[in-house]
Amino acid sequence: MVTMELDRDSGLQVAASTPMDELQYSRLIFALGYDAVHSLRQSRALIVGCKGLGAEIAKNLLLSGIAGIGLVDEEVVCMADLGCNFCLHESDVGRNRAVSVANSLRELNPSADVDVITEPSIEASLSDYNIVAATSGTLPDLIRLSWLCRKVNIPFIASQTHGVFSFVFADLGDTYVFKDEPKEQSSLLLVANITQDNPATVTIVEEQRLGLDDGDEVTFSGIKGMEELNQGGSYKVTITGTHTFSIPLDTCAFGRYLSGGHVEKVLPSKRIHFAPLESSLPHPTFSAMDNPELSKQPHFHVALQAIDEYVRLSKRDGLDFSGHWLVEADIEKIVARGKDIWQCSGFLKSKGCGSDVVVCPQQGEKLSTLEIDPAIKGGASQNLNQALGVSGGSIEQVSILADESRVNKFGSFDEQLLRILVQTLDVELCPLVAITGGFAAQEVIKVLGKVFMPLHQWIYLDAVDCLPPEPQSGIEKNPLQSRYDRQISLFGKEFQHKLGSLEWLVVGAGGIGCEVLKNLVLMGVGCNSSGSISIADMDRISKPNYSDQLLYHIDDLGKQKASTAGRALRKINPQAQVHTFQEKFDVETENIFDSAFFQSVSGVFSAVDTASARLYIDMRCVTFRRPLIDGGKHGMKGSVQVFIPFQSEMYASTRDPPEFKESPICTLRNFPYSTEHTLRWAVDTFESLFKQRPLDVNAYLSNRDFQDSVKKANPSARLPILETLCDALSRHKPLSFAACIHWARLQFEDLFSNSIKQLSFNFPKDMTTTAGAPFWSGTKRAPVPITFNVMEPLHYNFIVAAANLQATVYGLKGCQDRVLFLDVLRNVNVPAFQPKEGIKIATSDGDLRSGGQQKSFLSSEDNDAVERCDVLMQELPTPASLAGYRLTPIEFEKDDEQNFHVEFVSAAANLRAQNYGIPTSDLLQARLVGGRAIPSVVTATSVIGGMMCLELYKLVLQKPLECFKHSYVNLAVPFIATAEPIRAIVNRVERNDHPPLLWTLWDKFEMSCVGMSLETFLREFKQQYGLEITMLSYGKSLLYAEFVPRKKLQERMPLTLLDLITTIAKVTIPATENRVVFSVSCSDASDNDVDVPDVLVAVR
């Protein structure tokens, strides 16, 4: 038996050439866990085959930080290879493929070793690698390589693409050991109560989701009162409620539970059995997909075997095995062979056996497999020499298990599918290569990192829906000796010309955007003189981008993403016509992305990471009737959605859940109980001190409206603003860096001592609620003030970060001289704390809404507020006395290692955690959780980018709606689900003297209204469309309504529509924009108010 439990402290270990840059790999660590990424950086993978799929797998591994890869490929580059392999250039044609690919891959990760291995030396080189990923070879070739890997205890991953279908196969040994998730992703549960009982019942706070199953093991820490549970033992749980579970322990003699404590799930190792390829081929186990996709897997599996046999026989006889040159007689032979394999294959059950075992996934999270009856597994073994074809045997002996006593589980074999697949067998299709490369590379990463459920054992992927409805004629698919020849063989020359003439906009040049853009130029989209690809992204390249964005290299740090991506795309395909925009795609740039711009583009790829950005892109696409293909990802999960004018719903029809769960304000300010709370509080404090405070000061100095609003505010609201202004411009306005240190020390006292003392003054530790329960219970933790100690590193680090940030705000030079800090801190006079009477502290967000908190985390209703405001106004310098003086607001930037932002947040969060007895966080957690970073793995971006481009094929072919797919992927399982886009609802409105109006959300009324007055517009609209406008608005401004006072209507009626927008809506339409959109309400034939489409009006 082979057990592949590769201990990280034994076996092959490759010392990483450089220490791990945590910032560069931070998003990957967020997704996989630190241990997995560290292990990956000490591992090497051998990749057999360097066509498009091999290059994709290598790219994904190198960007993920692998220590080294070996490449095996004896073939030379041909021109058609350039259509699927971003590593190759025209100058590489005729050269060895592995060498050419290696030269390009080294740019992706200069610290990794990229070696070229010859085929004869594979067996001797296996011991130098931790895993083998094969992308080329016939099935006997793969079986032989799989056997060699088992011989030396090395996991084996095989993957191939054959036109419009592909597969990934995994053999990780007889017994493979792994963990379902990294430790970093297991969240702590906060204890609310533990009973003195047998068995004891544990209750967690209602604000948290239990997230445990029967049989899970947990440990306890930080329990007060029942300290016996803190001794480190683990306990199996039995779920008893939505927030309760029991443990098999008698706690009757334990101390009574008082407060606090955490429950943490123990992550056990799991074991799974893998069959070698020779055995798995006739008796496959398919990985999780939704039911329609799962039912197709056996058909692809049989097709693979039939096609592979044909290819081998053709090669043996020296015949051309190109699928698009096959004659009908050859196709019939292959189909007949497929039918034979189907009838005799392992997709059978014995007569009289029980029902088939098909386990469906629960919410896409658990493995679903198609199991073969154990009764037939014993007959799977074949002589290895025969299986390898060494002694005259053939793959037929492996792929067929004849037994007439068994009947087919899946009905008849899909002959038509095989006929389609045969004609595409020697083609690499770029998007499918990207998808398959993402899946295969993710399995390599799982094995090397020892996390997540591995593929068990087969998965087939396909793009059959993308094919033209009719096969292309011989002339239409004849090769042109171009990089697009393989794509032309499937879709034809006319289709290729259409792709080249497309003009698409890609919004976002991050992880998914890079993958989409790479695929587009490989496919030839926008690569004709009449086509183009436009890229819109305002961001600059930062270190974390290197781990999942292949278009950016080490030398690109700090450069604009859009322009850098454009240069990289032209390097991949010199014919690419790329236009770049460094502006953010939003309402502020509608003068750039105006109606003329949208008239020039064919559609939009959305590769953004917020729902608000998607909604805006969606709105613009609907307005100008342009298709939208949207991709999103979070760690190893991702989704693709496609929205088609007049056919499907729009993105806004159904809302995605928010990217981040917001915690109650009161919890963050006064009653935190988790690390996430302390980190969010620290970021809020950063923005309050170093962003909002300078903005308020600058507004006071330069904006009369701000000054007037402060004067008009009620005293309780005015007081904190005036105190902030006085502190910033008078009391603590620093003239030297030493003054910044002094200010930082006072901030420490205010944040981590005085405010805590005031909170304890208001709510003593022995306080009870009106119901008699302890006030400090459940999620409320009694805080403890911190006494400053300059020798404590955490205290000192806070002072250094806060002082330097204060210096930045005031334009002073920063400093890290420890001698200076110690000298200044020694002489700071910290006023003694005096509790304030009458301070009202909110205990819930409801209290905040009714009374409001006025400072940081305390609300004040001071009876002397009016008098104190008057004193502060006298103390405050006038704007005239500080003419030209401005502070520098600071935007929180999590990915800069030199700006003290993350250092401040980390120190502040951990001090806050010490106040409340909450587990502390490290600098990386401060960067990721505090900065709300999104976990990212390049494998997921590769899959999503490929799926998005498959939908583009369908759009160009004008496929019916049922051919399009919303796709949902979880590579951690792995799991794929698809759904047809929801058809757009057709609304009906009855009209006078006109037929009924049938419209969808994509429809617009269109009118030419250059120089037209409002009065004329209302009349013309009624005449053209048979509906009377009862309300007209532009954006949020109401321009016309029947209930508007008569005098105002009389003033507005003569105004042109353009003047109406300018004078009433206070919006200036850019000179480049000639069309605007109005929202209207109308009355129908029965005089009822009805919803109708917007009106798209030409005003210039």
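**The second largest cavity**

The lining of the second largest cavity comprises eight nonpolar, two polar and three charged residues; here Ala, Val, Leu, Ile, Met, Phe, Trp, Tyr, Cys and Pro count as nonpolar, Asp, Glu, Lys and Arg as charged, and the others, Gly among them, as polar. Of its 13 lining residues, Gly 83, Cys 84, Glu 428, Arg 483 and Gln 487 lie nearest the centre. Helices H15 (485–491) and H17 (511–523) each contribute at least two residues to this lining; helices are DSSP runs of H or I with at least four residues, strands are E runs of at least two, and both are numbered from the N terminus.

A cavity is a set of points, on a 1 Å grid over the protein atoms alone, where a 1.4 Å probe fits but cannot get out, and lining residues have an atom within 4 Å of a point.

**Basis of the model**

The model is predicted: local features need pLDDT of at least 70 and side-chain atom pairs pLDDT 80 or more, while totals for chains, interfaces and linings use all residues. Residues are numbered from 1 along each chain as its sequence is written, and side-chain values use heavy atoms, with hydrogens and water left out.

**Contacts of Leu 952**

Beyond its neighbours within four places in sequence, Leu 952 is in contact with Leu 502, Trp 504, Leu 520, Met 523, Val 525, Phe 605 and Ile 629. Contact means heavy atoms within 4.5 Å.

**Strands E8 and E16**

Strand E8 (residues 175–178) pairs with strand E16 (residues 270–273) in the antiparallel sense over four bridges; pairing requires at least two bridges found by DSSP. Tyr 176 has Ile 272 of E16 as its bridge partner.

Conventions. 1 Å grid on protein atoms, 1.4 Å probe; cavity = no way out; pocket = protein on both sides within 12 Å on 5 of 7 lines; lining within 4 Å.
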